[in-house]
Amino acid sequence: NNLIRDQAMRREHELDEALQVSEKFSDLCSETMSNLRDLKDNLLSQEPPGVDSPTVQEQQKELKELRKELGKARLSLEECRQLGDQLTGMVGEPGLVEIRKQLEDIHNLADDVHDITRERDEDLKTALGHTDKFQELADSINSWLPTAEHKLANMKPISTNPETLNQQLEEIKSHKSQVHPHVAELQQLNQELGALKEMSQVAAEALQKPVHDINTKWQEGLKG
């Protein structure tokens, strides 16, 4: 009787312990899955990369915070694994299958979130490169284009005097020779605008008018 009672008590203790670990394992797995799903939804609902450096930098800060949350979720996943290992020694084969499936589901979701995070990081780095280059080119062009435009606007009317007319022809040739070397900057500016439009069509619309104005002034400068 004592032996039966001892075995029954041991069995009861083992079942209680297994139940406690099982509940802890189940709760932590559910919480980790929920956090990872929320994180994935948050990442997928992010706005497209901005078309100006401050906006992109702010988006990078937001991504950094989301990465911290992913780091916490991975720590929780490790805790789930440890509890799963502990539970493995307490349950039969059907329980082992369920434990493995739960851990595999969390692991797959964590990997999925990691991939989305990495892609977002690469997109933002690319966007920042384009926004910086675009602003650099726009600033450079706006440093010489108004001067060229002013010079063209202040040229005297075409003269009927042959000598004066020759001087005016030389003047316009000189003007064009000063303006023409900047053609590469204009081409690059339009290329950068194209790249930004590919990343964020709506946001890039705000850049189209200033670029159009620059292109128009450039064409007028070439015509003389």
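**Figure 1. Helix α3 gives the most to the lining of the second largest pocket, with six residues.** Helices here are DSSP runs (H or I, at least four residues) numbered from the N terminus. A pocket is an open set of points on a 1 Å grid over the protein atoms alone, with protein on both sides within 12 Å along at least five of seven lines, and lining residues have an atom within 4 Å of a point. Both α3 (93–153) and α6 (201–223) supply at least two lining residues each. Of the 14 residues in the lining, Phe134, Gln135, Ala138, Asp139 and Leu207 lie nearest the centre of the pocket. The pocket volume is about 170 Å³, a volume being the space filled by probe spheres set on the points.

The model is predicted: local features need pLDDT of at least 70, side-chain atom pairs count only at pLDDT 80 or more, and totals for chains, interfaces and linings use all residues. Residues are numbered from 1 along each chain as its sequence is written, and side-chain values use heavy atoms, with hydrogens and water left out.

**Figure 2. Glutamate 192, in helix α5 (residues 183–199), is buried and has no salt bridge.** Buried means under 20% relative accessible area, exposed over 50%, and partly exposed in between (1.4 Å probe, protein chains only). A salt bridge places a side-chain nitrogen of Lys or Arg within 4 Å of a carboxyl oxygen of Asp or Glu. The nearest side chain of opposite charge is that of lysine 133, 6.5 Å away; Lys and Arg count as positive and Asp and Glu as negative, while His and the chain ends are not counted. Beyond its neighbours within four places in sequence, glutamate 192 is in contact (heavy atoms within 4.5 Å) with His130, Lys133, Phe134 and Leu137.

**Figure 3. Alanine 110 in helix α3 is buried, at 1% relative accessible area.** Not counting residues up to four places away in sequence, alanine 110 touches Leu36, Leu70, Arg74 and Leu77.

**Figure 4. Salt bridges join Arg67, Asp121 and Lys125 into one network through shared partners.** Aspartate 121 pairs with arginine 67, with 3.7 Å between the closest N and O atoms. This pair links distant parts of the chain, since aspartate 121 lies in helix α3 and arginine 67 in helix α2 (residues 53–88), 54 residues apart. Lysine 125 also meets aspartate 121 in a salt bridge (3.3 Å, N to O). Aspartate 121 is buried at 13%, arginine 67 is partly exposed at 39%, and lysine 125 is exposed at 52% relative accessibility.

Notes:
1 Å grid on protein atoms, 1.4 Å probe; cavity = no way out; pocket = protein on both sides within 12 Å on 5 of 7 lines; lining within 4 Å.
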